[in-house]
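Me: I would like to learn how to read a few features of a protein model. Please give the general idea each time, then the case at hand.

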Amino acid sequence: MPYSHHSHSGEFCGHAQDTLKAIIDAAVEKKMQVFALTEHMPREQQDLYPEEINLGYSDETLLDIFRSYYAEARRLQALYASEIDILIGTEIDWIRPSSKDFIEDLFSNFGFQVFIGSVHHVHGIPIDYSATLFADARRLSGNSTEKLFEDYFDLQHEMLKALKPPIVGHFDLIRLKCEDPNMSFATMPGVWQRIHRNLAFTVSYGGVVELNSAALRKGLDEPYPNGEISKEFLNLGGRFTLSDDSHGIGQIGSHYWEVLRFAEEVGITKISYFERAPASKDSRSPGVTIRSTALSHMQSHPFFTSCKPI
């Protein structure tokens with residue numbers, strides 16, 4: 001019954017570890033029911049990360065890597081069909097309005113069963129890569145953290161309207177590198193209005209927000225999204241799924257018990273998950289349907305009880 005809808009491998013992601021096959025082997029060993037492969041989409045030349053520039057990559061390099069990922073994902077999906085439900089997808093990087101054309105071209109060339117809509121850049125600058133780059137992005141928002149938050153959620157809104165992603169990735173990633181990543185967004189009226197708008201729009205088209213345990217792995221007090229945002233989404237009728245955003249076998253299912261405890265405190269009673277089903281009619285996730293599991297049932301499952309602190 002455990003599952004994750006967000007993962008990366010060192011074979012196809014420069015800041016991850018382990019081969020894609022090793023990742024799936026580990027997921028099978030942990031008795032994952034559903035495991036989504038969501039390597040980062042290729043990006044344009046101007047959006048290469050420092051690590052990619054140092055390796056001499058180009059936008060064509062990233063596209064070649066992505067083609068190799070897709071072929072290997074298809075091979076492994078067939079190979080492990082009797083052991084685990086593998087979903088082939090990608091994590092979208094929405095950087096600027098022109099990203100839409102680039103992403104639509106990607107969709108026309110690859111058949112995804114699910115995709116994650118994420119924002120990792122503001123003003124074209126990565127905001128989760130380092131404190132230095134976060135500060136560079138903030139300077140372009142008038143050297144105001146609050147204004148940077150507003151710009152981030154405005155960019156997220158553009159992405160939501162343009163793509164209507166079935167899964168919204170690390171909703172409040174913008175807080176990771178700020179001075180106080182555990183602060184309250186609700187104290188900033190302009191920011192909170194944008195958060196509410198984005199959550200309401202996600203509910204309107206049937207999107208699902210991931211409870212992403214990577215925030216806990218990186219030292220934050222709560223997963224993405226934080227408690228106040230999760231409560232707001234829940235009050236709007238929103239649905240949540242579970243993701244570890246793993247970047248290697250050691251991170252698969254990481255901090256899941258803490259996420260379930262957080263979900264219970266927020267008031268979440270059901271966790272949604274995606275699985276292959278031919279009856280699906282959702283063009284955003286062809287051949288996939290969304291089901292749900294009671295939180296109480298998950299908490300009693302051996303996988304989760306084995307993660308419970310003694």
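Me: Which hand does the crossing of helix 7 and helix 9 have?
Reply: A crossing is left-handed if the near helix is turned anticlockwise from the far one by less than a right angle, and right-handed if clockwise. The crossing of helix 7 and helix 9 is right-handed. This is a predicted model, in which local features need pLDDT of at least 70, side-chain atom pairs count only at pLDDT 80 or more, and totals for chains, interfaces and linings use all residues. Residues are numbered from 1 along each chain as its sequence is written, and side-chain values use heavy atoms, with hydrogens and water left out.

Me: What are helix 7 and helix 9 in terms of residues, and at what angle do they pack?
Reply: Helices (H or I, at least four residues) and strands (E, at least two) are DSSP runs, numbered from the N terminus. Helix 7 covers residues 189-205, and helix 9 covers residues 227-235. Axes are lines fitted to C-alpha atoms, for helices over the stretch in contact, and angles run from 0 to 180 degrees between N-to-C directions. The axes of helix 7 and helix 9 are 10 Å apart, at an angle of about 40°. Angles under 35 degrees count as roughly parallel, over 145 as roughly antiparallel, 65 to 115 as roughly perpendicular and the rest as oblique. Helix 7 and helix 9 are therefore oblique to each other.

Me: Which residues of helix 7 and helix 9 meet?
Reply: Contact means heavy atoms within 4.5 Å. From helix 7 come Trp192, Ile195, His196, Leu199, Thr202 and Val203, and they meet Glu228, Ile229, Glu232 and Phe233 in helix 9. An α-helix has 3.6 residues a turn, so residues three or four places apart point the same way.

Me: Which residues of helix 9 are buried, and what covers them?
Reply: Buried means under 20% relative accessible area, exposed over 50%, and partly exposed in between (1.4 Å probe, protein chains only). In helix 9, Gly227, Ile229, Ser230, Glu232 and Phe233 are buried. Their cover includes helix 7, strand 8, strand 9 and helix 10.

Me: Is strand 8 enclosed or open, and which residues lie on each side?
Reply: In a regular strand the side chains alternate between the two faces of the sheet. In strand 8 (residues 208-212), Val208, Glu210 and Asn212 are on one side, Val209 and Leu211 are on the other, and all are buried. Five of the five residues of strand 8 are buried, so this strand is largely enclosed by the rest of the structure.

Me: Which strands pair with strand 8?
Reply: Two strands pair if DSSP finds at least two bridges between them. Strand 7 runs parallel to strand 8 and is joined to it by two bridges, with Val209 as the partner of Val168. Strand 9 is also parallel to strand 8, with five bridges, and Ser243 is the partner of Asn212.

Me: What unit do strand 7, helix 7 and strand 8 make?
Reply: A crossover is right-handed if, with the strands pointing away from the viewer, the path from the first strand over the helix to the second runs clockwise. Strand 7, helix 7 and strand 8 make a right-handed β-α-β unit.
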